Amino acid sequence: MLDYLNGTRTLETDILRTYASAPGKVILTGEHFVVFGAPALAIAINRRIVVGVNQRTDRRLHIVSSLGKSGEFEQDKFNLEEGGPEARDFLEPVRIAAESVLKRYGANKGLNIQVNSDVPVASGLGSSSAISVATVASVGEAIGLNLSKEEILDLSLTAERFVHKNPSGIDIAIATFGGTILYERERGMTRIEDMPNLALVIGNTGIARNTGSLVESVRRRRDHFPSTINPLIAAAQALTGSAVEALRARDLEKLGELLDINHGLLAAVGTSCIELDRLVYAARSVGALGAKLTGAGGGGCMIALCSDENLVTVSEAIRRANGSPITVVKTEEGVLTWKEN
Ligand code: PMV
């Protein structure tokens, strides 16, 4: 797959090769409740998606992913190259992101697109949004547009709506702008500057899940029990406000306790599972300041807030509980583009 990157496989044309990268993220507080208007707090992490693009002489979109899937889209036809029957669904979001740029700017061009991922997929770390953002930015650059971050955000959001019907937009915002953001559906994002660096361990259950169906299941629960679920949305709103205060005050013990409460709220709306709970309790039992699932839940990842001293102990506890620990740090860098000639 990397043969396009290292030049051992010939591309249709070598007119121009552009790259863009975008970070994955963890949601510290407020996922799911953000879909219903509550604020959520997210940080960009030092795991990125890189998308390389160059123009072809025909109108086809040839897409290669470092995860072993590749094929060519020619209008509604898909010619599979690698990755089996699920390759088309896997590559479709990349095609949609690329076409959102081509269509908006009336550019009728074929492209070679290669996606390299350092963010685990379908695990709550924002890989699909980072792919959309990096694809939009790289395609924009390849066809000579000088897209602003706001334009990249807007085009990527259009693409994200095909992947999951009712996204709040938080994942796209953090992949575009990086750093720490407070996000509200109505008001959009506020970047929060001067935040402390957090010692975080991500625990991956390795269970893939679908964000759209989990968002839908929370909506159903809310429709069935509005007078029970609406107060939880209000509680999540207050919780994110307190989390921002705790961060500003560098009060990590308070932040940790808020993460624990947030996990309880997410369990109440039905988005935790036994595998996530095991990792959360394993981290807490060896002294994590707080632990919760992150992202859509139902599998995927949890986060544990640690002190510098117990990062390793917490990682080991997560591993013993059948999770894969990943230590991450915050990154300020949102989407970045560059060219190779
Ligand atoms: O796709 P994930 O797992 O990173 O979760 C997205 C966050 C949700 O709040 C669950 C959905 C959304 O659109 O905000």
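**Figure 1. Lys-292 and Glu-31, a buried pair.** Both Lys-292 and Glu-31 are buried in this predicted model, where buried means under 20% relative accessible area, exposed means over 50%, and partly exposed covers what lies in between (1.4 Å probe, protein chains only). The two side chains form a salt bridge, with their closest N and O atoms 2.8 Å apart; the term stands for a side-chain nitrogen of Lys or Arg within 4 Å of a carboxyl oxygen of Asp or Glu. By this rule the count comes to 25 salt bridges. The pair shown here links distant parts of the chain, 261 residues apart: Lys-292 sits in strand E10 (residues 290–294), and Glu-31 in the loop between E1 and E2. Helices (H or I, at least four residues) and strands (E, at least two) are DSSP runs, numbered from the N terminus. Since the model is predicted, local features need pLDDT of at least 70 and side-chain atom pairs count only at pLDDT 80 or more, while totals for chains, interfaces and linings use all residues. Residues are numbered from 1 along each chain as its sequence is written, and side-chain values use heavy atoms, with hydrogens and water left out.

Figure 2. The chain is divided into domain 1 (3–192 + 331–339) and domain 2 (199–328), with bounds that come from an automatic or database domain assignment. Their C-alpha centres lie 26 Å apart. In this view, 27 residues of domain 1 are in contact with 39 residues of domain 2, contact meaning heavy atoms within 4.5 Å. About 2,700 Å² is buried between the domains, and carbon and sulfur atoms give 74% of that area. Buried area here is the accessible area (1.4 Å probe) that two parts lose on being put together, summed over both. Look for His-32, Phe-33 and Phe-36: they supply 28% of the area that domain 1 buries against domain 2, more than any other three residues.

Figure 3. One salt bridge is counted between domain 1 and domain 2, along with ten residue pairs in polar contact (both at pLDDT 80 or more). A polar contact is a pair of N or O atoms within 3.5 Å; within protein, one must be able to donate a hydrogen and the other to accept it, and residues adjacent in sequence count only if both atoms are side-chain atoms. On the side of domain 1 that touches domain 2, the elements giving two or more residues are strand E1 (17–29) and strand E2 (40–55). E2 provides the largest share of that side, six residues. The residues of this side of domain 1 divide into 17 nonpolar, eight polar and two charged; nonpolar covers Ala, Val, Leu, Ile, Met, Phe, Trp, Tyr, Cys and Pro, charged covers Asp, Glu, Lys and Arg, and the others, Gly among them, are polar.

Figure 4. Arg-56 and Asp-58 meet through their side chains in a salt bridge (2.7 Å, N to O). Arg-56 is buried, at 9% relative accessible area, whereas Asp-58 is partly exposed at 23%. Another salt bridge joins Lys-77 to Glu-74, whose closest N and O atoms are 3.7 Å apart. Lys-77 is partly exposed at 49% relative accessibility, and Glu-74 is partly exposed at 30%. Salt bridges that share partners join Arg-56, Asp-58, Arg-60, Glu-72, Glu-74 and Lys-77 into one network.

Figure 5. His-32 has a phi near 65° and lies in the loop between E1 and E2. It is buried, with a relative accessible area of 5%. Gln-75 has a phi near 50° and lies in the loop between strand E4 (69–74) and strand E5 (77–82). Gln-75 is exposed, at 70% relative accessibility.

Figure 6. Ser-285 lies in helix H8 (residues 274–285) and counts as exposed at 60% relative accessibility. Its side chain reaches the backbone oxygen of Ala-282 at 2.8 Å. Ser-285 and Ala-317 are 32 residues apart in sequence and 8.5 Å apart in space, C-alpha to C-alpha. Asn-310 is found in the loop between strand E11 (301–306) and helix H9 (311–320), and is buried at 12% relative accessible area. Leaving aside neighbours within four places in sequence, Asn-310 is in contact with Val-286, Gly-287 and Ala-288.
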